[in-house]
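I opened the model to see how the chain is put together. My notes follow in the order I looked things up.

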Amino acid sequence: MKTSGQTDRKQAPRMLYAVAILFPAVMIVLGISAGSQSIAPQEVLMILGASLFGTESAAVDAIESQIVMDIRLPRTLLAFLVGAALSVAGAAFQGFLRNPLADPYTLGVSSGAALGAVLVIFFQLTIPFLGNFTLPVVSIGSALVTLLILLAFARTMRRSLSAETIILIGIIISAFFGAFLSLLIALAGEELRQAVQWLLGSVGMRGWSYVHLMVPFFLIGALVLIGHLKELNAFSFGLDFARNVGVSVKRSGLLILTGAAVLTGAAVSVAGTIGFVGLVVPHFVRILTGPDHRHLLPVSMFIGGGFLIAADIIARLALAPMELPIGVITALVGAPIFAYLLIRQQRVQGDNGVKGRKDYGRLRWAGCRSRCFV
């Protein structure tokens with residue numbers, strides 16, 4: 001016979017997933033509705049229903065239908081994909097590196113991906129067999145190379161991947177690539193100077209072609225990480241523990257880092273550098289789900305996508321008709337939230353009398369046991 005406590009524990013994840021899925025769904029409708037020409041949410045739903053089911057209705061305005069389907073829907077979906085990708089990548093980086101400050105932005109991976117994207121634009125590169133996919137592929141490759149450089153430098157300085165070492169190297173790499181990007185923009189013509197706004201983060205003026213560029217890489221990266229949720233739980237205890245419970249550390253670690261780099265590079269290639277999403281969202285979701293990556297990553301995906309849609313709405317409406325870079329909004333919102341979460345975490349640790357080494361993401365063996373691992 002099931003106890004009430006067991007029933008509550010099973011119902012809690014279901015409620016959490018329901019809310020996590022409902023949040024971006026509502027934000028998608030609001031994101032399509034908001035703009036210089038406001039469209040009522042019920043009309044948005046009517047237009048989407050008519051498009052999905054192929055029905056025609058006299059109540060659907062042709063101009064509003066074109067605005068929704070050709071301009072706002074792809075923009076909103078792109079914001080969701082970018083936010084979801086950065087959030088999942090941030091959660092994976094934090095889990096693998098056992099570092100609460102790790103995310104694509106603070107590690108310099110976003111800057112590396114942006115450098116690759118700008119080089120493609122600057123030299124107008126097109127790899128013959130890739131065509132339009134040259135931009136995301138080069139950006140992903142740059143992100144992966146940046147990550148490998150980061151880990152190599154960190155290992156050279158100190159054998160342990162400590163938080164201080166990782167963040168220090170990440171800041172150095174980010175500053176170097178940022179200077180190189182500024183040099184390219186200064187030497188370039190007016191066309192690349194317009195990329196400054198893109199580098200600050202934007203999903204504006206993006207059509208379905210950008211969504212099509214993002215979707216395959218998002219699926220690849222997300223599936224790779226979702227396939228290694230138990231390994232991420234094991235890595236949260238450290239490399240030695242992961243090795244002792246049967247995880248192939250080199251193979252699994254390489255796949256996890258590659259999946260996170262794919263998500264980061266794809267997001268940066270279509271939307272520019274957007275900070276704090278991969279840092280704040282996993283911290284917030286971890287409060288709700290706990291450190292178990294089997295729930296942390298999927299919920300982060302939905303919450304992160306909805307969060308970036310909300311940031312895009314604010315970017316459009318805050319100083320309308322002028323549009324702010326979405327990266328500015330995420331920084332203004334994300335930095336104070338992250339500061340609050342960090343202070344809250346330190347207070348909780350102090351109240352509990354936590355002593356000794358504070359490894360990031362430590363799971364309670366009594367709550368997780370062997371089911372969290374391979």
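**Overall make-up**

I checked burial first: 50% of the 374 residues in the protein chain are buried (buried is under 20% relative accessible area, exposed over 50%, partly exposed in between, with a 1.4 Å probe and protein chains only). This is a predicted model, where local features need pLDDT of at least 70, side-chain atom pairs count only at pLDDT 80 or more, and totals for chains, interfaces and linings use all residues. Residues are numbered from 1 along each chain as its sequence is written, and side-chain values use heavy atoms, with hydrogens and water left out.

I counted 16 helices and zero strands in the protein chain (DSSP runs numbered from the N terminus: helices are H or I with at least four residues, strands are E with at least two). Then I looked at contacts (heavy atoms within 4.5 Å). Of those in the protein chain with a separation of 6 or more, 76% join residues 24 or more positions apart.

**Core and α3**

The largest nonpolar core has 95 residues (a set of buried Ala, Val, Leu, Ile, Met, Phe, Trp, Tyr and Cys residues joined through side-chain atoms within 4.5 Å). Helix α3 gives the largest share of this core, 19 residues. Val82 is listed among the residues with the most contacts inside the core. I listed what valine 82 touches, leaving out residues up to four places away in sequence: Met214, Ala267, Val270, Ala271, Ile274 and Leu308.

Threonine 76 also sits in α3. Is threonine 76 buried or exposed? Threonine 76 counts as buried because its relative accessibility is 1%.

**α3 against α13**

I fitted the axes of α3 (residues 62-97) and α13 (residues 277-289): they come within 7 Å and cross at roughly 70 degrees. Axes are lines fitted to C-alpha atoms, for helices over the stretch in contact, and angles run from 0 to 180 degrees between N-to-C directions. The two helices are therefore roughly perpendicular (65 to 115 degrees; under 35 is roughly parallel, over 145 roughly antiparallel, the rest oblique). From α3, Gly83 and Leu86 are among the residues that meet α13, whose side includes Val281 and Arg286.

**α2**

Helix α2 (residues 41-53) has 13 residues. I found Val44, Ile47, Leu48, Gly49 and Ala50 buried in α2. Just after α2, glycine 54 takes a positive phi of about 70 degrees.

Definitions and conventions. Expected span 1.5 Å × (residues − 1).
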